[in-house]
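Subject: Structure handover and findings

Hello,

Here is the structure for you to open. My notes on what turned up in it follow below.

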Amino acid sequence: MCEETSNIITAEPEINRGYLEVPLENIKPKYFSKMSIYLKKDNNYSLYCDADYYFSDSDRRRLLENHVNIVYVSAKDSKRYYRNMENDMSDILKSKKLNAQFKSNILYSTNLALAEELMEKPPESDQVRRAQDMASNTLDFVLNESKALQHLTNISYHDGYSSSHIVNACSVASALAKEIGMTDHEIMEAISRGAILHDVGKSFISSDILDSKLELSFEDMDTIRSHVKHGYNHLSTMGFIAPNVMHYIMQHHERLDGSGYPEKLRGGDITMFGRIGGIVDSFEAMTSIRPFREKVLSIEDAMQELRNQSPEKYDRDIVNIFCNMIERTLFDTVNDDSDAHDGVLIKTVDNVELTDRRRHPRHYFRVSAELCPIIKAGDKLRLGPAEKVIVHNISRSGVGLLSSRPLDIDQNICLKFLREKPAIPDLTGVIVRKLLHSDGWHTLGIKLHKILSEEMVSTIVS
Ligand SMILES: [Fe+2]
C-alpha cells in the first residue's frame with residue numbers, strides 16, 4: 001500500500017474530528033446525561049439527539065436492535081461522560097457481565113480523565129477525594145482480577161504527560177502492593193492513593209518549564225523539584241489525607257544514599273511508602289517519553305537501571321519483587337491484539353489483516369517521523385499532508401506516537417521515519433486508539449497493516 005501511495009500527495013481539508021466513541025453494550029443511559037449523541041456514517045458524524053433530550057434505555061436498545069453498536073459524544077463532553085461513569089465505577093468493576101479488558105478500559109480512561117483534572121491546576125478537596133476513591137477502585141480491581149495489570153498495561157499510554165504518568169503509577173503501585181504480599185488493606189490503599197497523588201504538586205508549575213524541550217537551567221530544575229513540597233503543602237491543608245499517603249508524596253524522590261530530594265533523607269529515614277514511590281516513579285518515568293530527554297528506555301533497560309542502582313539508591317528487595325512482577329506480568333505478556341481493545345477509547349478494527357496473533361514485546365524509544373493520512377480518491381489511494389510526529393513505542397504489530405493533528409480512529413496512515421541511518425522503510429497502519437490532551441496534542445495508537453520482523457523492530461529501535 002505504501003508504494004502505491006507514496007508518490008501522490010494532495011492537500012486534504014483540515015477537519016477536526018473531536019469525537020469520543022462509546023460502545024452502547026453495557027453502558028447506562030445516564031452516562032450521556034446532558035450531552036449530545038452522534039452517529040457516524042461514511043465517515044460523517046450526524047446528530048442523533050441533542051443535550052436536552054433524555055436518552056433512555058429503550059433508545060439504547062432500539063439502536064442496538066438496528067445494529068448501531070457505537071455512538072459518539074463530542075470530545076468536549078468526554079470529561080463529563082467519564083465523570084458520570086466515575087460514580088458507578090465500583091459496581092462496574094464488580095459486574096460479572098463485563099470482561100476484564102472492558103473493565104480495564106473504562107477504569108483507565110476514567111482515571112485518565114480525572115488525572116487531567118488533577119494536573120491542570122491545583123486540585124480542590126473534592127477532586128482529591130475522588131482521586132482517592134478511584135485509587136481504591138484501582139486497588140480493588142487489581143486485588144480481584146488476576147490479570148488486571150496486564151489488561152491495564154495493554155491500554156496504557158506512555159506519552160510523557162503527567163496525567164498518564166500518575167494513572168500508570170497507580171496501576172503499577174497497586175499491583176506491587178499485592179505482589180509484595182501485603183494483607184493490610186489500609187496500607188495497600190495508602191500506596192495506591194499515594195501513587196495517584198504523588199505528582200499533584202506539578203499542577204503548581206508552569207507547563208513552559210514542565211514541557212520545555214530545552215535543557216533546563218538549575219533554576220528550572222529547582223522549580224520542578226519544588227513540586228514535591230507544593231503537593232505536600234497543598235494536600236496537608238485538606239486535613240483528610242492519611243499520613244502514609246503523605247509519606248509516599250513527600251518521599252518519592254528521596255534515595256537511600258541521600259542523593260534525592262527535597263530532604264536528602266537516607267536509608268531507614270525513608271519509609272516503605274517512599275521507597276515504593278521512588279521505584280514506581282523512576283520506572284514509569286524511564287519508560288515514558290519526556291520533552292527534554294531523547295532516550296526512552298526499554299522495559300528491560302529500565303529494570304536493569306533499577307537493579308544497577310540498588311541497593312545504593314533503591315531498596316533492593318522491593319526492586320527484585322518489582323522486576324519479577326514486571327517480567328512476569330508485563331514484558332512477557334504485553335500484546336497488541338486489537339480484539340482486546342474493544343471498549344471505551346478503542347474499538348476493534350475489522351479491516352486489518354492480522355496474520356500473527358502472537359504476543360509481541362513493546363519497545364520504548366523516541367524518534368521523529370512524518371505521518372500522512374491515506375486518502376481514497378476514486379480507485380486510487382493518495383497521501384494527505386504530512387504532520388511531524390514523535391514515535392515513542394513500537395512492537396511488531398503496533399506503534400504509539402504523539403501528533404498535534406486531530407486524526408480519526410479508523411484512519412489509515414503512512415508513517416515515514418525521518419532518521420536516515422539506519423534507513424527505515426515507511427510503515428502503514430490504521431489508528432485504533434486516540435487520546436486527546438488538553439494542550440491539543442493527541443496520543444495515537446496505530447495497528448500496523450503488516451507485522452514487522454523482529455530484525456526490523458531491532459533496526460528501528462537501535
Ligand atoms: Fe515527582
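Where is lysine 264 found? Lysine 264 is in the loop between helix 13 and helix 14.

First, the ground rules. This is a predicted model, in which local features need pLDDT of at least 70 and side-chain atom pairs count only at pLDDT 80 or more, while totals for chains, interfaces and linings use all residues. Residues are numbered from 1 along each chain as its sequence is written. Helices (H or I, at least four residues) and strands (E, at least two) are DSSP runs, numbered from the N terminus.

Overall picture

The protein has 17 helices and 11 strands. Of its 462 residues, 43% are buried. Buried means that 20 or more other C-beta atoms lie within 10 Å of the residue's own; exposed means 12 or fewer, and partly exposed is in between, with C-beta atoms placed from the backbone. Two residues are in contact if their C-beta atoms, placed from the backbone, lie within 7 Å. Among contacts with a separation of 6 or more, 70% link residues 24 or more positions apart.

Helix 9 and its neighbours

Start with helix 9 (residues 185–197). Its 13 residues should span 18 Å at 1.5 Å a residue, and the end C-alpha atoms are 18 Å apart, which agrees. The expected span is 1.5 Å times one less than the number of residues. Helix 9 is mostly covered, with 10 of its 13 residues buried. Among them are Met188, Ile191, Ala195 and Leu197. The cover includes helix 6, helix 8 (162–180), helix 12 (227–236), helix 13 (243–251) and helix 14 (272–286).

Axes are lines fitted to C-alpha atoms, for helices over the stretch in contact, and angles run from 0 to 180 degrees between N-to-C directions. Angles under 35 degrees count as roughly parallel, over 145 as roughly antiparallel, 65 to 115 as roughly perpendicular and the rest as oblique. A crossing is left-handed if the near helix is turned anticlockwise from the far one by less than a right angle, and right-handed if clockwise.

- Helix 8 with helix 9: the axes come within 7 Å and cross at roughly 165 degrees. The two are therefore roughly antiparallel. Their crossing is right-handed. Residues of helix 8 including Ile166, Ala169 and Cys170 meet residues of helix 9 including Met188 and Ile191. This contact has 9 nonpolar residues, 2 polar and no charged. Ala, Val, Leu, Ile, Met, Phe, Trp, Tyr, Cys and Pro count as nonpolar, Asp, Glu, Lys and Arg as charged, and the others, Gly among them, as polar.
- Helix 6 (residues 125–144) with helix 9: the axes come within 8 Å and cross at roughly 125 degrees. That makes helix 6 oblique to helix 9. This crossing is right-handed too. The helix 6 side includes Val128, Ala131 and Met134, and the helix 9 side includes Glu189 and Arg193. The contact divides into 9 nonpolar, 4 polar and 2 charged residues.

Helix 6 itself has 20 residues and reaches 29 Å from first C-alpha to last, close to the 28 Å expected. Its buried residues include Gln132, Asn137 and Asp140.

Helix 14 and helix 15

Helix 14 and helix 15 (residues 299–308) pack at about 140 degrees, with their axes 9 Å apart. Helix 14 passes helix 15 in a right-handed crossing. Ile279, Ser282, Phe283 and Met286 of helix 14 make the contact with Ala302, Glu305 and Leu306 of helix 15.

Backbone points to check

Most residues other than glycine have a negative phi, and most peptide bonds are trans. The entries below depart from that pattern.

- Lysine 264 has a positive phi of about 55 degrees. It is exposed, with 12 other C-beta atoms within 10 Å.
- Proline 262 is also in the loop between helix 13 and helix 14. A cis peptide bond joins tyrosine 261 to proline 262, with omega about 10 degrees.
- Lysine 34 has a positive phi of about 60 degrees. It lies in the loop between strand 1 (19–23) and strand 2 (37–41).
- Serine 310 and proline 311 are joined by a cis peptide bond, with omega about 15 degrees. Proline 311 is in the loop between helix 15 and helix 16 (316–331).

Best wishes
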